[in-house]
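Hi everyone, thanks for coming. Let me put the structure up on the screen, and then I'll walk you through it.

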Amino acid sequence: MRKKILSNILALSLLSSLSFAATLDIDQAKTKWTAYKTSEKVAVSGTFNDIKYKFGKKQNSIAEILEGATATINPLSVNLNDEVKNTNVRESFFAKFAKSDMIKVTFRNVIEGKDQGSILASVNMNGKTVKVPMQYSIKDGVLEAKGILDILEFGAKEAFKSLATTCHDLHSGLTWSQVEISFSAPVK
């Protein structure tokens, strides 16, 4: 009898701890990027209007949700909340890629700590795949992961040069090739 009561208590404890495991509100997932211009490294942020997310089938933890998660992004749906900037980036950069495929991001090697963790994002753009380490933190009920990629690693030298030329005066002659990428979603 004592054994049965103890095993029931243990089972209830286990079930209740699982019910408090953090998961993500994947319907509220967002992707953002920040590029830089001028010698003062002024930030220019944007997103894409056409992003399709797929998350892990298991929903028991943040690591399970993010491991193998993908984002498929239409680069021509770039959105900087400014039509001139949208046109410049779309026509002088993404339209100049040798491969005009979708951008695909896959999360791997997710490590989940207490309110922080790491992700290895495999980013495929312009026919090249680059691994981008990302760190995430959970603050105020939101998970935010950030990493830095370099556009030139994607064989996009000509596209980058085209954008830098188009925006030369607007960027005071300096367009940075590093871009911060971020993914966020509310924790529930």
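Strands themselves are DSSP runs of E, at least two residues long, numbered from the N terminus.

Now the housekeeping. What you see is a predicted model, where local features need pLDDT of at least 70, side-chain atom pairs count only at pLDDT 80 or more, and totals for chains, interfaces and linings use all residues. Residues are numbered from 1 along each chain as its sequence is written, and side-chain values use heavy atoms, with hydrogens and water left out.

How confident is the predictor? pLDDT is its confidence in each residue, from 0 to 100, and the mean for the protein chain is 89, with 89% of residues reaching 70 or more. The exception I'd point out is residues 5-20, where pLDDT is below 50.

Ten strands make an open sheet, and the order is β3-β4-β6-β7-β8-β9-β10-β1-β2-β5, with antiparallel pairing. β3 and β5 (78-79) are at the edges with a single partner strand each, so one side of each has no neighbour in the sheet.

Let's start at the β3 end. β3 (residues 51-54) and β4 (residues 70-73) run antiparallel, joined by 4 bridges, and K52 sits opposite T72 in β4. Moving along, β4 pairs with β6 (residues 103-112) over 4 bridges, again antiparallel; here I73 stands opposite I103.

Is T70 buried or exposed? Buried, because its relative accessibility is 15%, and buried means under 20% relative accessible area (exposed is over 50%, partly exposed in between, with a 1.4 Å probe and protein chains only). Leaving out residues up to four places away in sequence, T70 touches K52, Y53 and K54, plus K104, V105 and T106.

Further along, β8 (residues 128-139) and β9 (residues 142-150) pair antiparallel over 6 bridges, with Q135 facing K146 in β9. The two form a hairpin with 2 residues between them, and D140 in the turn has a positive phi of about 50°. Then β9 is joined to β10 (residues 178-186) by 9 antiparallel bridges, and D150 has Q178 in β10 as its bridge partner.

One loop residue too: T38, between β1 and β2 (42-48). T38 counts as buried at 7% relative accessibility, and its contacts, apart from neighbours within four places in sequence, are H171, S172, L174 and W176.

Last stop, the largest pocket. On a 1 Å grid over the protein atoms alone, a pocket is an open set of points where a 1.4 Å probe fits, with protein on both sides within 12 Å along at least five of seven lines; lining residues have an atom within 4 Å of a point. Its lining has 42 residues, and W33, A35, F48, F94 and V179 lie nearest the centre. Strand β1 (residues 30-37) gives the most to that lining, with 6 residues.

That's my tour, happy to chat.

Technical notes:
pLDDT is the predictor's confidence in each residue, from 0 to 100. Contact means heavy atoms within 4.5 Å. Two strands pair if DSSP finds at least two bridges between them.
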